[in-house]
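Some labels attached to a model deserve a check against their cut-offs. The questions below do that for a few of them.

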Amino acid sequence: GWVEAGRVAQRHGRADLVPTCVAPSLDEAATACAEDVARRDEALHKVVERLAEVAKEKQAKEEEEARRREDGEDEDGEGGSGLGDDRSERSVANQSQASVHSKSSRSSRSSRSSRSSKSNKTRSSARVPKPGDPWEEEYLIAQRASLLPTDAYKRDFGRVVEALALSGLRQRARELQAQLRALEAWIALLNLDAFLPPPPPPPDLVWHTVSLA
């Protein structure tokens, strides 16, 4: 770390490297940490807000579809007695539609395949969905998980804070630590840490057999 680098430089008579190399590197790391926390904070607020809006829109759409189904069942129930008289007319219409369908089935399948291919290409090439896109919610959920600070992120962040404190920059260390703690408090308030991605599995252990004979 930075503290050890400073000690090594002083031990080898190169104390001049501390202000010219070690200190600027630590300052750059601290600035990057502060900017990254601010970015995560702003982006998470936007993602959480939009996810709430998407949930409301989805609920409203489901309620509207349920009302339409209920209205459709009521209309069918009231006018069902008069539908039986038009069977012959429906039969002729169905035969006509079947004839048209048989001629256009191949072109329809080709057209659907082309549209599906274009849709997949558009989705894969688009980096950010537009509001209302079918895959917007999926994208937002993935974004939320990627923005939450993981344990590894916090450990790296803590190393920078510790180096600042040991280098005599205690006030900056406190400010940086408070910035991350504020974000963590907001995440805990909304129980967002439940959406943290699972930690990576530990590396495979390699057992070595030693003969004592």
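Q: What makes the pairing of the Arg-50 and Glu-136 side chains a polar contact?
A: In this predicted model, the two side chains come to 2.6 Å. The cut-off for a pair of N or O atoms is 3.5 Å, so the pair qualifies.

Q: Why is Arg-50 called buried?
A: Arg-50 has a relative accessible area of 15%. Buried means under 20%, so the label holds. The residue is part of helix α2 (residues 17-79). Beyond four places in sequence, its contacts are Glu-57, Pro-131, Gly-132, Glu-136 and Leu-140.

Q: How do you know that the length of helix α5 agrees with its number of residues?
A: Helix α5 (residues 151-166) has 16 residues, which at 1.5 Å a residue should span 22 Å. The C-alpha atoms at its ends are 22 Å apart, so the two values agree.

Q: Which residues of α5 are buried, and why are they said to line one face?
A: They are Tyr-153, Phe-157, Val-160, Val-161, Ala-163 and Leu-164. Viewed down the axis of α5, they fall within an arc of 160°, and therefore line one face of the helix. Asp-151, Arg-155 and Leu-166 are exposed residues on the face turned away from the buried side.

Q: How many disulfides are counted?
A: The count is zero.

Terms used
Residues are numbered from 1 along each chain as its sequence is written. This is a predicted model: local features need pLDDT of at least 70, side-chain atom pairs count only at pLDDT 80 or more; totals for chains, interfaces and linings use all residues. Side-chain values use heavy atoms; hydrogens and water are left out. Helices (H or I, at least four residues) and strands (E, at least two) are DSSP runs, numbered from the N terminus. Buried means under 20% relative accessible area, exposed over 50%, partly exposed in between (1.4 Å probe, protein chains only). A polar contact is a pair of N or O atoms within 3.5 Å; within protein, one must be able to donate a hydrogen and the other to accept it, and residues adjacent in sequence count only if both atoms are side-chain atoms. Contact means heavy atoms within 4.5 Å. The expected span of a helix is 1.5 Å times one less than its number of residues. The arc is that of the directions from the helix axis to the C-beta atoms. A disulfide is a pair of cysteine sulfur atoms within 2.5 Å.
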